[in-house]
Amino acid sequence: MGARAWLCLFGGCLGACLLAAFLVLLPYSFWWLHACGDAAVERAVATQAQGRFALFGSGLSQDFIEYKLRLYEAVRPQVIAIGSSRVMQFRGAWFSRPFVNMGGVAGNLGELELTLRGILKAGRPQAIILGVDFWWFLPQWQENPEEPVRHVSGTYNYALNSLKKPWQWLFDGKISAGEFLAPFTGIFGRGFAADRFGIMAQQTSNGFGPDGSWYYTAEVTGQKPSPDYQFRDTLTQVTRGIKAFYHARSGQSGPAMEHLDVFADICCRLKSRGIRLFVFIPPLAQKVYEAIKSREEAYPHLFKLRHALQARGIDTMDFSNPGSLGSNDCEFVDGFHGGEVTYARILRQMAEHWPALLPYVNMEKIDAVIRDWSGHAMTPDERLTFAPETDFMNAGCRKRSPRQ
């Protein structure tokens with residue numbers, strides 16, 4: 001067979017493979033993603049807004065802004081919590097008014113402003129609980145806080161890049177052969193859970209609940225190893241001054257003035273709309289806080305943040321030291337994400353400090369969480385799992401079974 005014939009044969013085989021990909025592989029990916037719920041943000045929100053317990057934890061996109069704005073529009077809450085992932089542990093059950101947790105939408109001041117514009121366009125809430133991260137006020141984190149941030153919607157989709165994901169996850173070992181074939185097994189009564197949307201929620205019961213709060217089910221039950229085991233990763237960031245724990249630049253004596261001005265302007269505009277605003281600085285794990293405290297000169301943007309905000313007329317509660325809450329490392333998921341009980345403590349102290357917050361919260365339920373589950377990162381919920389919380393950090397924490 002000549003060279004030309006070989007090239008024709010090769011071209012024919014390649015064309016057949018590409019045709020097979022389009023006729024078989026990609027349609028199966030579409031079916032798989034639809035059955036798993038990874039791109040089903042609209043279905044997930046519709047289910048959650050009906051008051052049914054369902055989790056949304058997609059592997060396709062970490063664009064929480066799109067999901068949270070859809071949830072906000074569907075629920076139209078009277079009170080919200082907003083900030084980075086460090087506010088995602090406020091639970092709807094602790095509120096006496098309709099509530100949505102908008103945490104995870106503000107990695108910096110630009111994203112905060114972008115999301116708030118989307119919220120106000122959909123409808124004005126009566127009250128906002130706003131968690132402030134100290135790294136927002138560093139030029140290294142966001143050089144120009146006034147620069148507009150654009151949001152690209154539609155990231156939960158069935159585009160070609162998304163359709164490649166199931167096959168990629170299979171080859172990378174992120175999903176098993178059984179999970180890959182789940183749409184087939186679903187025909188016979190098994191397959192993906194109907195109240196789980198997205199492969200993360202399907203695999204681990206990690207994801208956003210109907211109130212928009214996040215569940216760390218896999219980590220706290222020991223199903224999945226902690227990426228910050230014994231806070232080692234966070235402590236390394238503190239030591240090296242990297243990521244969210246950048247050290248202040250030489251000559252910086254506090255939070256950057258330009259960033260403070262932008263944040264003060266955001267707060268002023270919210271208050272001018274008649275919104276009750278409650279601002280707080282979220283806590284760090286005790287070991288992490290102590291490591292930062294020992295390098296206090298490198299973190300003036302944390303230790304002088306509350307004073308700087310107060311000087312601009314923004315009443316702020318500083319919970320960066322978990323000891324001020326009566327919390328400890330056993331109640332933390334990682335070095336800078338407190339668990340559910342820690343955030344119940346935060347909400348309680350905020351309600352005591354600001355009487356205007358009292359009409360929105362259920363103090364009886366908050367007190368029950370603190371009383372019954374002190375030392376835990378998450379309260380038991382059989383809708384998530386029957387597995388008990390473990391000492392997942394191997395920190396000598398005493399955990400108990402829900403039935404004890």
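Predicted model: local features only at pLDDT ≥ 70, side-chain atom pairs only at ≥ 80, totals over all residues.
Local features need pLDDT of at least 70 and side-chain atom pairs count only at pLDDT 80 or more, while totals for chains, interfaces and linings use all residues. Residues are numbered from 1 along each chain as its sequence is written, and side-chain values use heavy atoms, with hydrogens and water left out.

Helices (H or I, at least four residues) and strands (E, at least two) are DSSP runs numbered from the N terminus. Two strands are taken to pair if DSSP finds at least two bridges between them. An open sheet is formed by five strands with parallel pairing, in the order β3-β2-β4-β8-β9. Its edge strands, each pairing on one side only, are β3 (99–103) and β9 (316–318). From one strand to the next, the twist averages 15°; angles run from 0 to 180 degrees between N-to-C directions, and axes are lines fitted to C-alpha atoms, for helices over the stretch in contact. Strands β4 (residues 127–131) and β8 (residues 276–281) run parallel and are joined by five bridges. In this pair, I129 stands opposite F278 of β8.

Helix α3 (residues 64–75) packs on the sheet, where it touches β2 (79–83) and β3, and its direction makes about 165° with that of β3. Contact here means heavy atoms within 4.5 Å. Helix α12 (residues 257–272) lies across β4 and β8 and runs at about 150° to β8.

Helix α2 (residues 41–49) packs with α3 at an angle of about 35°, the axes being 10 Å apart. Residues making this contact include V41 and V45 of α2 and Y67 and L71 of α3.
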